[in-house]
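Have a go at each one before you read its solution.

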Amino acid sequence: MEMADALVITKADSDNKKKATQAAADYQHALHLFQAPASGWTTKVLTCSALENQGIDQVWESIIQYQNFTQARGFWESNRRQQNKTWLYECFNNLLQQEVNKSQSFNNGVSALEQKVENGSLSPYQGAKDLLSMFKKSSL
């Protein structure tokens, strides 16, 4: 699970103010149960009300503090590099899936392989290998 850098309880106004304050206290207490994030940042729990224009400045200030904190420690840039690498593979997988979906010759053989995997005459792993081989042939 990824740890949040901040939690903001919104609509902390009117009848909700007391409930929002209690929720913030509960979250703050619960955060102590989690391991510290890799950034070293301590997650902040804030309340705000757009209706009453309260707490918005503190939320923005928390964002700026987080950015400054993580940039000063090199985490911001390191995290961005890791995200870019993750996005590379997400984009690749999406493009690959689009190519798979466009390949009529490939899709014609998929049903037969799916049935073999479903009835147990072909293992899922071997089916995946066969699908890859079929895709390579259909892409040439």
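Predicted model: local features only at pLDDT ≥ 70, side-chain atom pairs only at ≥ 80, totals over all residues.

**Exercise 1.** Work out whether Ser-62 is buried or exposed, and find what it touches.

*Solution.* Start with the location: Ser-62 sits in helix H2, which covers residues 56–72. Next, check the accessibility. The relative value for Ser-62 is 4%, and buried means under 20%, so Ser-62 counts as buried. Finally, look for partners, skipping residues up to four places away in sequence: Ser-62 touches Ala-6, Trp-41, Lys-44 and Leu-46.

**Exercise 2.** Describe the largest pocket and its lining.

*Solution.* Take the volume to begin with: the largest pocket holds about 470 Å³ of space. It is lined by 19 residues, and those closest to its centre are Glu-2, Met-3, Ala-4, Asp-5 and Pro-37. Sorting the lining by class, you get 11 nonpolar, five polar and three charged residues.

**Exercise 3.** Determine how H4 (residues 104–119) packs with H5 (residues 124–139).

*Solution.* Get the geometry down: the angle is about 170° and the axes are 10 Å apart. Angles over 145 degrees count as roughly antiparallel, so that's how H4 runs relative to H5. Then go through the contacts. H4 brings Ser-105, Phe-106, Gly-109, Val-110, Leu-113 and Val-117. On the H5 side they meet Pro-124, Gly-127, Asp-130, Leu-131, Met-134, Phe-135 and Ser-138. To wrap up, classify them: eight residues in this contact are nonpolar, four polar and one charged.

How values were computed
Residues numbered from 1 in each chain as written. Heavy atoms only, no water. Helix = DSSP H or I, 4+ residues; strand = E, 2+ residues; numbered from the N terminus. Buried < 20%, exposed > 50% of the residue type's maximum accessible area, 1.4 Å probe, protein only. Contact = heavy atoms within 4.5 Å. 1 Å grid on protein atoms, 1.4 Å probe; cavity = no way out; pocket = protein on both sides within 12 Å on 5 of 7 lines; lining within 4 Å. Points joined across faces, edges and corners; volume = space filled by probe spheres on them. Nonpolar A, V, L, I, M, F, W, Y, C, P; charged D, E, K, R; others polar. Axes fitted to C-alpha atoms, helices over the stretch in contact; angles between N-to-C directions. Parallel < 35°, antiparallel > 145°, perpendicular 65-115°, else oblique.
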